[in-house]
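Here is a friendly tour of the charged contacts in one protein model. Have a look at the structure first, and then we can go through them together.

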Amino acid sequence: MLRRIGFFLITNLAILVIFSIVLTIVQAVFGVNFGHIAGANQDYLTLLIYAAVIGFTGSIISLLMSKSIAKWTMGVQVIDQPRDKLEAWLLETVRSHAQKAGIAMPEVGIYQGEANAFATGPTRNNSLVSVSTGLLATMNKEEVAAVLAHEVSHVSNGDMVSYMLIQGVMNTFVVFLSRIIGNFVDRAVLRNENDAPGIGYYVTSIILDIVLGVLATIIVAYYSRAREYRADAGAAWIMGSPRPMINALARLGSVPTEELAPALKGFGVMGNIGDLFASHPPIESRIQALQALER
């Protein structure tokens, strides 16, 4: 837990530093005056550029660092040379799945924890697939192979990049709209006649960052749930039948599972479920969708 918190703080500090550098470069190279994002001279194009930098920079950095983040926060031990028959089988299974899905061989890793697995990486041909010791201890080989197929499907579908894009768009939308409304409240409602933005702008923007951020999270979570159905269907295709994935999901529903680190929640085989903010659909719904494919 301390390792995850420490890496989270370091990553966010690095993102803030890069924000400042990118904003400075954009301002110097393109002559954009970010002093016009609010106040009497608020310029919508300047604000949109500012919002896009804020919205996408963090998402892009998280994507590019995703494998390093996963290895550090989850304590993933990458299998370079298999030490036993299980590790050799894991490598061969992922290699077979990757060939069928048409992607480069991902790195394969194992981490200590309750039953779960995840895939991450910046591109379809630069990825990491990891399974937990808990999952390996509670599932038979066919079920583990189905879970690995699910994760390989995430990679082959380009889910990491598409997740970054939708997160970046939502972040941009939140920053852009909150500051337009904040400026309107400050000048039209509170009658601030100074050129600089007043307290109304800052308070309104902060409140709307939170409110709109919640709405954006619901949209991203909806997309994440849709991805899970596609990855389940992809696993059924790779395995040649929906039945192994159905059995794997049923097993996951009956054993202890562990939530992944925040940066990886959307890419696991299991996640938080049960509400608008769920990254994964209920297991029962996923099984029903696979049963429909089976029929």
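Which side chains meet in a salt bridge at 3.1 Å, N to O? They are those of Arg179 and Asp209. A salt bridge here is a side-chain nitrogen of Lys or Arg within 4 Å of a carboxyl oxygen of Asp or Glu.

This is a predicted model, where local features need pLDDT of at least 70, side-chain atom pairs count only at pLDDT 80 or more, and totals for chains, interfaces and linings use all residues. Residues are numbered from 1 along each chain as its sequence is written, and side-chain values use heavy atoms, with hydrogens and water left out.

The structure holds ten salt bridges, among them these:

| Pair | N to O distance |
|---|---|
| Arg179 and Asp209 | 3.1 Å |
| Arg286 and Glu228 | 3.7 Å |
| Asp232 and Arg286 | 2.8 Å |

Arg286 pairs with Glu228 and also with Asp232. Buried means under 20% relative accessible area, exposed over 50%, and partly exposed in between (1.4 Å probe, protein chains only). Arg286 is buried at 0% relative accessibility, Glu228 is buried at 0%, and Asp232 is buried at 1%. For the remaining pair in the table, Arg179 is buried at 14%, whereas Asp209 is partly exposed at 25%.

Elsewhere, a network of salt bridges links Lys67, Lys71 and Glu107.
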